Amino acid sequence: MKTVRIGLDVGGTFTDVVAVSDDGRLVHQKRRSQPDDPARSVHRCISDALADLGAPPDTVRFLGHGTTIVTNLIIEGAGDPVALVTTAGFRDVLDLDRQARPHVYDYRVARPASPAHRRDRFEVSERAGPEGPFTPLDDAALDAIADTLAERGAIAIAVCFLHSYRHPGHERQAVAHLRARLPEVYVTASHDVAPEYREFERFSTTALNASVGPRAMAYLTRLEAGLRAEGVACPFYTVTSNAGLVDPATVRRMPVRTALSGPAAGVAGIGRMLSQEGFGDLITFDMGGTSTDIAVLRQGAPGQARTREVAGHPILAPMVDIDVIGAGGGSLVRVDAGGALSVGPESAGAEPGPAAYGRGGTRATVTDAAAALGLVGGGRALGGVLTLDRAAAEAALARDVAVPLDLSLVAAADGVMAVAGASIARAVRSAAVRRGIDPADATLVAFGGAGPMLATRVADSLGIARIAVPAAPGTLCARAILVSDLARDFSVTHPLELTEAAGPGLAAAFATLEAEGRAWLAGEGIAAEHQRLERDVEARYVGQSFEVAVPFDPSAPLSEVLASFHARHEESQGFRLSERGVEAVTLRLRASAAAAEMPPPTGGDGPPVADAWRAVSFGEAPVMTRILDRMALATGGAVEGPAIIEEDTATTIVAPGWQAVATPSGTLVLSRVGGP
């Protein structure tokens, strides 16, 4: 019987799905998201994909998905109010922050509102020291707090005690007590979500987890119930911000770890897809309908971040190192009182969407500018389902940009594209330089529904000579989910000076983490011989306040760890202090099972065929331009610009002075005619 594997990426504007059957058939689809109920978008995508494959629901053997629900809740401040239960004297940790202004010279910038208002923060007597608890937990005080929260109709509770990352006993006791008293309330604790030192970041992460927890649980419950009702009974996984797949039970406990869900899978997946193509260092930009995600990959691997901010809130958890800016195909365009043209960060979203969608949107967007120039639209439906209304796009652009700035329609549209491209180019340059890469020496990888449309503009701004556009770029994140590892990260703060005498202590601490990791993998049905464990030590010179992560091999002498630390410190900070003592701070373990093989490429091998010609503007008067079907491109044959290569999930612009060549793997490689 035919079996099917499905990957989904639920974005703010589109929900992407990729389904592959064991006989090699591959389906790519884009469908409009439904922000009021993302689960409905997922169900519709699965149903449509299975219909295209001619497969019933019970043939689905794998289902993985990335979601923006947690990200959007944090960005929009739409999570539930949180009650914080903490150690006596530490009620105001969330307000004290790091006692630093977000932007030192901009007095208008304020910190985001705390997920837990001060009136909803409660202190309880308890305390732990280096050797363990020395002030017992006050159960009577917990009962009084539970009574107050019941009266107030509490929805979510975050329990954050001092030093619980080292001694979690009191937090476990408090969680059990509160869940028994308030069984309908979502209760989470810092030792479970972020068992690491730095109180503010730990408190913030746990409070955010509590804030998004009830709605994330409701979403997962609706999604799972719908899947079962439709007859999809296979295991269901969600991508975390570190590009690993986890089960629904883990997401319910730690939904905050999905804050960069879909984009993380795409960045990790692109490294695997292009690892054999010899592109060197990669700079990726994934431009969707709402935002653009930028990452740097060295030797095919993305960087890792231990703490990231989402809407000004720090999240203490391993994440793929991604920069996000508010520039997408649906980004709104406006002219301010001073006559300056700006694009984003506000977006038209899925409803009503750009004016060209014909669904009630009236404000001009990047997509409308592209349609007015003839770059997208024509006779091909966007995402295979949505035909653009060029007249509506031109009307919105004329009203919002051309008339206020006294420009021609072409000049106004090209200006919008130039501003959007410049915003992305600045972000790409910043991301690359911060990580020690000259953008001109790297390959720019463009994907997402809108990325290939702006790729040559971004490359021209940065002096980049080569662009890679992977197969089916508009659904790449969904495709990457099909090859994501089943993985979960475990960590513990364990301060310890790295001397030869520290070996047994490190081994014992890692043994505890390994037991947790193996137990989780075993619970997912992964046999011991297929389990992978990767260990890192975050260390620093004695007296420093930041750490550098280095791999840890329990069978190697500690001198190798120290040598690796000195080398990495010099690489990232520019110096080493070989005579200074080194101390471990946080130990990390990634427990994973190997990913499945990559689905086959989708490129065709026929001769280049021009589907049509149409008038397209590249900043000047319209020129008749070849419109080609990507599926018909011959491997190795060069297509010189100006040309437009269309497919269901994205449109690739080959600007004048550029050429495109399809590789055997299905990747389009764009380069300047005649070289750099």
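This report walks through helix packing, cysteines and a few individual residues in a predicted model.

## Helix α10 and its two partners

Let's start with helix α10, which covers residues 366–373 and packs against helix α12, residues 409–434. The two axes lie 9 Å apart, at an angle of about 135°. That angle makes α10 oblique to α12. The crossing of this pair is left-handed. On the α10 side, the contact is made by V366, A369, A370, A372 and L373, while α12 brings V410, A413, D414, V416, M417 and A420. Sorted by class, the residues of this contact are 10 nonpolar, no polar and 1 charged.

Helix α10 also meets helix α11, residues 390–405. Here the axes come within 8 Å and cross at roughly 115°. That makes α10 roughly perpendicular to α11. The crossing with α11 is left-handed. From α10, the residues in this contact are D368, A369, A371, A372 and L373, and from α11 they are R390, A393, E394 and L397. The class count for α10 with α11 is 6 nonpolar, no polar and 3 charged residues.

## Helix α1 against helix α7

Another pair to look at is helix α1 (residues 38–53) with helix α7 (residues 199–230). Their axes come within 9 Å and cross at roughly 25°. This angle makes α1 roughly parallel to α7. In this pair, α1 passes α7 in a right-handed crossing. Helix α1 contributes P38, A39, V42, H43 and I46, and helix α7 contributes Y219, R222, L223, G226, L227 and E230. By class, this contact holds 7 nonpolar, 2 polar and 2 charged residues.

| Helix pair | Axis distance | Angle | Handedness |
|---|---|---|---|
| α10 and α12 | 9 Å | about 135° | left-handed |
| α10 and α11 | within 8 Å | roughly 115° | left-handed |
| α1 and α7 | within 9 Å | roughly 25° | right-handed |

## Cysteines

If you are planning to think about disulfides, the count in this model comes to 0. Take C45: the closest cysteine sulfur, in C477, is 14 Å from the sulfur of C45, which is too far for a bond, given that a disulfide needs the two sulfur atoms within 2.5 Å. C234 is likewise in no disulfide, and the nearest cysteine sulfur to C234 is that of C45, 16 Å away. As for accessibility, C45 counts as buried at 0% relative accessibility, and C234 counts as buried at 7%.

## Individual residues

Some single positions are also worth a look.

T240 sits in the loop between β11 (236–239) and β12 (245–246). Although T240 is in a loop, T240 is buried, with a relative accessible area of 10%. Leaving aside residues up to four places away in sequence, T240 touches V246, R257, T258, L260, S261 and A264.

P314 belongs to strand β17, residues 313–320. With a relative accessibility of 6%, P314 counts as buried. Not counting residues up to four places away in sequence, the residues that P314 touches include F200, E201, S204, T205 and L208. L208 is 106 residues from P314 in sequence, yet the C-alpha atoms of the two are 9.2 Å apart in space.

A591 is found in strand β26, residues 582–593. A591 is buried, with a relative accessible area of 0%. Beyond residues up to four places away in sequence, A591 touches L486, A487, R488, F490, G517, W520, L521, R532 and L533. A180, by contrast, is 411 residues from A591 along the chain, and their C-alpha atoms are separated by 32 Å.

Is D648 buried, exposed or partly exposed? D648 lies in the loop between β30 (643–646) and β31 (651–654), and at 39% relative accessibility D648 counts as partly exposed.

Methods:
Residues are numbered from 1 along each chain as its sequence is written. This is a predicted model: local features need pLDDT of at least 70, side-chain atom pairs count only at pLDDT 80 or more; totals for chains, interfaces and linings use all residues. Side-chain values use heavy atoms; hydrogens and water are left out. Axes are lines fitted to C-alpha atoms, for helices over the stretch in contact, and angles run from 0 to 180 degrees between N-to-C directions. Helices (H or I, at least four residues) and strands (E, at least two) are DSSP runs, numbered from the N terminus. Angles under 35 degrees count as roughly parallel, over 145 as roughly antiparallel, 65 to 115 as roughly perpendicular and the rest as oblique. A crossing is left-handed if the near helix is turned anticlockwise from the far one by less than a right angle, and right-handed if clockwise. Contact means heavy atoms within 4.5 Å. Ala, Val, Leu, Ile, Met, Phe, Trp, Tyr, Cys and Pro count as nonpolar, Asp, Glu, Lys and Arg as charged, and the others, Gly among them, as polar. Buried means under 20% relative accessible area, exposed over 50%, partly exposed in between (1.4 Å probe, protein chains only).
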